[in-house]
Every structure is written in C-alpha cells, then in structure tokens.
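Trainee: I am new to this structure and would like to learn how to read its features. Could you walk me through some of them?

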Amino acid sequence: MINDQDFKELSDYNNETCVSIFIPTQRGGKEVLEEKNKKHLHSEWTQVKKKLKEKNVAEGNIEKIGKPIQELLDNRDFWRHQSDGLAIFSSSDFFKSFTIPVNFEAYHYISKEFYVKPLVPAMTGDGKFNILAIQLEDVNFYEASKYSIMPVEIDDLTPSRLEERVGFDYKEKALQFRTQGEGGEKTQFHGHGGSERDEKTEIKQFFRAVDQGLKDHLTKEKLPLVVICQDYLFPIYKDANTYNHLIDKVVPGNPNDTDMLGIHQKALEIAEPYLNENRDEKIEKYRELSKTENTTSAVTDIIPAVYQGKVDTLFIENRAEIWGEYNEDNMEVKLADNHENGNISLLNLAAKKTVEMGGKVYLVEHEFMPQKKSKMNALLRF
C-alpha cells in the first residue's frame, strides 16, 4: 500500500511520458477466478498504448513503460491478493503499483507527471486511525487510513500475552485456560477454585498493561482506535481502557482468522463514520466564511494561493476535472477545454501542491461541495 514517502516520490517525479492507470478490483469470488481484474488492466493498457502511439511516443519508450505492466499481467499470484483498487504509475525508468482499499473508477492519464489526485486524501492526516488486534495469547497493533494499513512493532511497549502480565505460572496456579482455537471460540477456563470474577480480573490486568503500554504512542496524534477481538473480551477491554478516542464498537472475532487486508476492511467499516468529522467541520467553516476573503472558488485565484502557502483546506469535486496550465513565474492560470496540447489536470496540480505546503485536501461529491458552482473550493489561512 502507499505511504508518505511513496506519495512524495510520485508527486515529485517528472518525465517526458508518465502513465497513471487506476482500475477497480475484486478481493475474491467468481470475478477473481475469471481473472476479471487482470482483463480490466489489460483493457486499460491497450487503450494507453494506442494513445501513446498517436502521440508519436517512440516504440522503445512504450516497451519500457509497458514491460512492468505486462509482468503484472503475467503474475498469477499477484491477482490472487487484491483489495478494492489498483493504482499503477509507469514511465521509461520508473514503476510503482499500489493495492489500495478504494474502489477507483477505471481511469488513465498520460502526461509529464503522474496523476496522484485519487491518493491525496490519504496523505492529509484525516482518515487515519489505529487498530488493536488483541487476544489472550497475542497482541498486534496497526496504523491505518482509508488507503493503507501498516503493522507497528509494540513488543517493547506491551506484554504480548496474558501470562507475561500475570506470571508464567498462571496456568498452574490459577485457571489453566485453553487458548482461543482456530475458529475463534471463547477461551475455556478450568480452575482450582478460581472464580469467574478472578478470571476477568486477570484479563483486565493484562488489558490494562496493554492500554498503559500504548498510551504515549496513542496520545501523540489522538486518532480513533478500533479494537478487533472476540466480542466477550471487548467489555473487559473497555473497562481497562483509559484512551479517550476508543471507538465504542468492536470488530468481533479472532484476528487470526483473516489476513491484514481483511483486518483493515473490517476495521474501516467501524471507523469510517468517525473519519469524516474534520472534513464536515471544514465544510461548515467554509460556509460560515463564504462571504469573506477567507474563501474562494475561483481556480485562477486558488492555484497561486496554493503555491504561496495560503490554502488551509482544498475541496475538490470527486470525478471532476479542470484542464489548463500554470505559469509559476507570473502566477498565471490558463484554462482549457481538454487535455490536448500539453494541458494538465489543474485539480491534480493543486491537490499535490496543497499537500506539499502542509494543507489538507478532500475529494468531495458534487452535492457536498461548499460552493457547488465550482469544482474546486479553498479555505484560506490568511
């Protein structure tokens, strides 16, 4: 999946011919067995090749651009491990592909730069959350966004299993429990006089140790925290928890019953309602300030403001486009009707530059745009 370093590399890259391809993909089922994802990429690449030839791109360059794409098409194992979308970036001396949990519409873009607009929201801070996958015998922690999931090493912060917290003689001296099975069934406790209350106390001690171990890490960004565990354990974890941004709904089940992409998919379903809060606040602020100099919906004003670092938040209409060019020396924007004659996507340009300058970017459906008459709205810092 994509991270900040990957995004910067894509944003900064320039070449005479850069190809960006986006396709929706299926995670499994009949479509995967019938190689629908693979056929979709083949179709997009066929269209791109035709356009490259029409642009008189040298045959040797087309071969260099297409070689890694063809290698993906021939890689059967690659197509068995897909998410909701595939993004490909290729030029004569560069290639990257990203499997991303975003259902892209099929799209390709040929220019001197890569088309990163669909990836921009993942880089702006909002949309990030943490995932804690916890069992009595295993603890795993992830940093995630709508677009990505990354495991975080926490062995030096928390106990990795219950016995590490309550003592390795726990089985002999207390409950002698059997660990969770492959099917995720509830742990069974067998005691020598140990009560259910004692069992919960031991588990709560373990969960409290995990909570305290993660405390400093969690409070750095104060992101929403999603827990995945067997549902009978979640009330005990909530009781032990001291973190203010724990989401009060669990992803039920044994985390070992799915892979990392599956964990991400399930956790995102829980977290998503909380991830748009900042965006909605910014939209409301734009509307409040809409008749002041702190907002603008004029493309010819927005792009120079982006380059001057004046844009706090940029709203871009999803599935929309504005073509043209920008002269940074005289801060002049020229609009065009199409992508021909060297024109570029001004929405792509504004989006990646806003991220570079520390602003936030939201892709917004038309009906939610603060100022619907324009495909780009900006909330200014000053």
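Mentor: Let's begin with Glu9: at 35% relative accessibility, Glu9 counts as partly exposed. Buried means under 20% relative accessible area, exposed over 50%, and partly exposed in between (1.4 Å probe, protein chains only). A word on the source: this is a predicted model, in which local features need pLDDT of at least 70, side-chain atom pairs count only at pLDDT 80 or more, and totals for chains, interfaces and linings use all residues. Residues are numbered from 1 along each chain as its sequence is written, and side-chain values use heavy atoms, with hydrogens and water left out.

Trainee: Which side chain does Glu9 meet in a salt bridge?

Mentor: A salt bridge is a side-chain nitrogen of Lys or Arg within 4 Å of a carboxyl oxygen of Asp or Glu. Here Glu9 meets Lys96, at 2.7 Å from N to O. Glu9 sits in helix 1 and Lys96 in strand 3, 87 residues apart, so the pair links distant parts of the chain. Helices (H or I, at least four residues) and strands (E, at least two) are DSSP runs, numbered from the N terminus. Lys96 counts as partly exposed, at 25% relative accessibility. Asp6 joins Glu9 and Lys96 in a network of salt bridges.

Trainee: How many salt bridges does a search of the whole structure find?

Mentor: The search finds 12. One of them joins Glu356 and Lys353, with the closest N and O atoms 3.1 Å apart. These two are separated by about one helical turn because they lie three residues apart in helix 12 (residues 346-356). Glu356 is exposed, with a relative accessible area of 53%, whereas Lys353 counts as buried at 14%.

Trainee: And how do I read a sheet?

Mentor: Strands of a sheet pair through backbone hydrogen bonds, either parallel or antiparallel. Two strands count as paired if DSSP finds at least two bridges between them. In this model, four strands form an open sheet in the order 3-2-1-4, with antiparallel pairing. Strand 3 (94-100) and strand 4 (107-113) are the edge strands, each pairing on one side only.

Trainee: Over how many bridges do strand 1 and strand 4 pair?

Mentor: Strand 1 (residues 14-24) and strand 4 pair over six bridges. Phe22 stands opposite Tyr107 in strand 4. Glu16 and Lys112 also meet in a salt bridge, at 3.9 Å from N to O. Glu16 lies in strand 1 and Lys112 in strand 4, so this pair ties together parts that are 96 residues apart in sequence.
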